[in-house]
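Here is a note for a colleague who is new to this structure. Please read the points below alongside the sequence and the model.

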Amino acid sequence: DWAKPLPPLPVEGGAVTGKIIDAQGRFNLNSLMEPGGLIPRNANIIVFGQLLESLALDDELKDALRDWMDEDDQPTGTAGAENMYYLALQPPYRAANQWLQSVDELRLVRGFDAETVETLRPYVSALPPQANTVNINTADAQVLSVLFSPPLPLDTAQGLVDQRDKDRNPFKSPAELT
């Protein structure tokens, strides 16, 4: 119930409404790397690639983001970028080699322009890496669909969200969602 929008409340000259958005209902970009040593979590990298594809974005962006966060200096794939790439830019800077501090930091990563970041923003968060799981009871259809391999059709995922929200019947476990 806490994730539902508040109905408009009348105030002098208008109305006020509000909504709490659960950041764990989004894909946590920091879950791409293990908390102990910034080593890739392959299953989450696959899910992020599926999210990129579902949004008609280049799935190779996952390699650039992985390189931005990992501790090594070896580019991943053809789209990866490490310090050598960033130091050649004007102005030069280094790869973070740590977790993202905010979603806005994506604008520093190779291939992530303002439009790409804004396309991703409603579906991703930058939480501590220990927050590895998506809250299936607050995730929207776009995020729910990519949690499956292969991804669920978007209309099927939307049907699950509609059923969950209409019946006010949250999923008790990922197994129940499956």
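1. The second largest pocket holds about 320 Å³ of space, where a pocket is an open set of points on a 1 Å grid over the protein atoms alone, at which a 1.4 Å probe fits, with protein on both sides within 12 Å along at least five of seven lines. Of the 15 residues that line this pocket, those closest to its centre are Val47, Asn132, Thr133, Val134 and Leu147, a lining residue being one with an atom within 4 Å of a point.

2. This is a predicted model, in which local features need pLDDT of at least 70 and side-chain atom pairs count only at pLDDT 80 or more, while totals for chains, interfaces and linings use all residues. Residues are numbered from 1 along each chain as its sequence is written, and side-chain values use heavy atoms, with hydrogens and water left out.

3. At least two residues of the lining of the second largest pocket come from each of β3 (27–28), α1 (42–54) and α7, and the lining divides into 8 nonpolar, 6 polar and 1 charged.

4. After α6 comes Arg168, whose phi is positive, near 50°.

Conventions:
Helices (H or I, at least four residues) and strands (E, at least two) are DSSP runs, numbered from the N terminus. Grid points are joined across faces, edges and corners, and a volume is the space filled by probe spheres set on the points. Ala, Val, Leu, Ile, Met, Phe, Trp, Tyr, Cys and Pro count as nonpolar, Asp, Glu, Lys and Arg as charged, and the others, Gly among them, as polar.
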